[in-house]
Amino acid sequence: ERAKVEGFNPSQLPWQALDPSTWSGEERVALMYWWALLANFDSSGPPVFARAMIRAFESHEEDPVRKCFFSITRDEVNHEECCQRAIQGLVPGGPLNFEPRTALERAAHNNIAWLYHNGARYWRGFCQAVDRYPLAVLFTSFMMGEVASSSLFHGMASKAAHPLFREVFRHVGRDE
């Protein structure tokens with residue numbers, strides 16, 4: 001019930017406070033890289049939990065189970081939006097649609113492309129597993145990941161130096 005009223009809208013955060021000139025080019029790429037790693041994790045959430053929600057309806061799971069998967073899907077969409085907004089504010093076109101000009105940018109671009117490639121392989125494996133195993137078995141590990149990320153985001157909310165990033169992590173950590 002709390003998820004229905006406590007959700008947040010990432011577009012209402014103060015993204016205009018993200019001034020890329022605050023950081024050097026290398027720092028912007030490093031921050032973009034970090035947000036891209038986080039985005040890879042967060043962007044896997046919406047399809048996985050949406051697929052679980054659909055499966056929960058198909059298998060006539062109880063209403064709280066269906067609502068749980070819906071709520072997590074919504075949260076993961078918000079988290080991924082925050083990552084993408086941070087990436088675009090730091091390196092327009094990042095993480096993959098910018099022209100790498102330095103060795104650091106090329107390395108970041110290459111590593112992110114490989115990470116996203118592996119994410120697609122993970123999705124195919126998940127799609128094969130979702131019809132073979134009970135939802136409770138599949139999502140125990142996902143829920144443990146959600147708990148771990150909540151702890152991580154809570155810590156980052158208090159340690160982030162940039163006020164926008166503190167605000168992002170305050171909201172994201174609270175959602176879990």
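Author: Phenylalanine 69 counts as buried because its relative accessibility is 7%; buried means under 20% relative accessible area, exposed over 50% and partly exposed in between, with a 1.4 Å probe and protein chains only. Please keep in mind that this is a predicted model, in which local features need pLDDT of at least 70 and side-chain atom pairs count only at pLDDT 80 or more, while totals for chains, interfaces and linings use all residues. Residues are numbered from 1 along each chain as its sequence is written, and side-chain values use heavy atoms, leaving out hydrogens and water.

Now to the rings. Those of Phe, Tyr and Trp (its six-membered ring) pair if their centres lie within 6.5 Å, and planes under 30 degrees apart count as stacked, over 60 as edge-to-face and the rest as tilted. By this rule there are seven aromatic pairs. One of them joins tryptophan 34 and phenylalanine 169 edge-to-face, with 5.9 Å centre to centre and 80° between the planes. This pair links distant parts of the chain, 135 residues apart: tryptophan 34 belongs to helix 2 and phenylalanine 169 to helix 6 (residues 163-175). Helices here are DSSP runs of H or I with at least four residues, numbered from the N terminus. Tryptophan 34 counts as partly exposed because its relative accessibility is 33%, whereas phenylalanine 169, at 5%, counts as buried.

Phenylalanine 69 comes back in another pair, with phenylalanine 49: this one is tilted, 6.2 Å centre to centre and 35° between the planes. Again distant parts of the chain are linked, with phenylalanine 49 in helix 2 and phenylalanine 69 in helix 3 (residues 63-90), 20 residues apart. Phenylalanine 49 is buried too, at a relative accessible area of 1%.

Beyond pairs, there is one aromatic cluster made of Trp23, Trp34, Trp35, Phe153, Phe165 and Phe169. A charge also meets a ring: the charged end of arginine 66 sits over phenylalanine 57, 4.5 Å from the ring centre. Sitting over a ring requires NZ of Lys or CZ of Arg within 6 Å of the ring centre and within 35 degrees of the ring normal.

The axes of helix 2 (residues 25-58) and helix 4 (residues 103-130) come within 11 Å and cross at roughly 10°; axes are lines fitted to C-alpha atoms, for helices over the stretch in contact, and angles run from 0 to 180 degrees between N-to-C directions. Helix 2 is therefore roughly parallel to helix 4, a label for angles under 35 degrees, with over 145 roughly antiparallel, 65 to 115 roughly perpendicular and the rest oblique. The residues of this contact divide into 17 nonpolar, four polar and four charged. Nonpolar covers Ala, Val, Leu, Ile, Met, Phe, Trp, Tyr, Cys and Pro, charged covers Asp, Glu, Lys and Arg, and the others, Gly among them, are polar.

In helix 3, the helix of phenylalanine 69, you will also find asparagine 78. Asparagine 78 is buried, at 9% relative accessible area. Leaving aside neighbours within four places in sequence, asparagine 78 is in contact (heavy atoms within 4.5 Å) with Phe8 and Pro10.

Terms used. Helix = DSSP H or I, 4+ residues; strand = E, 2+ residues; numbered from the N terminus.
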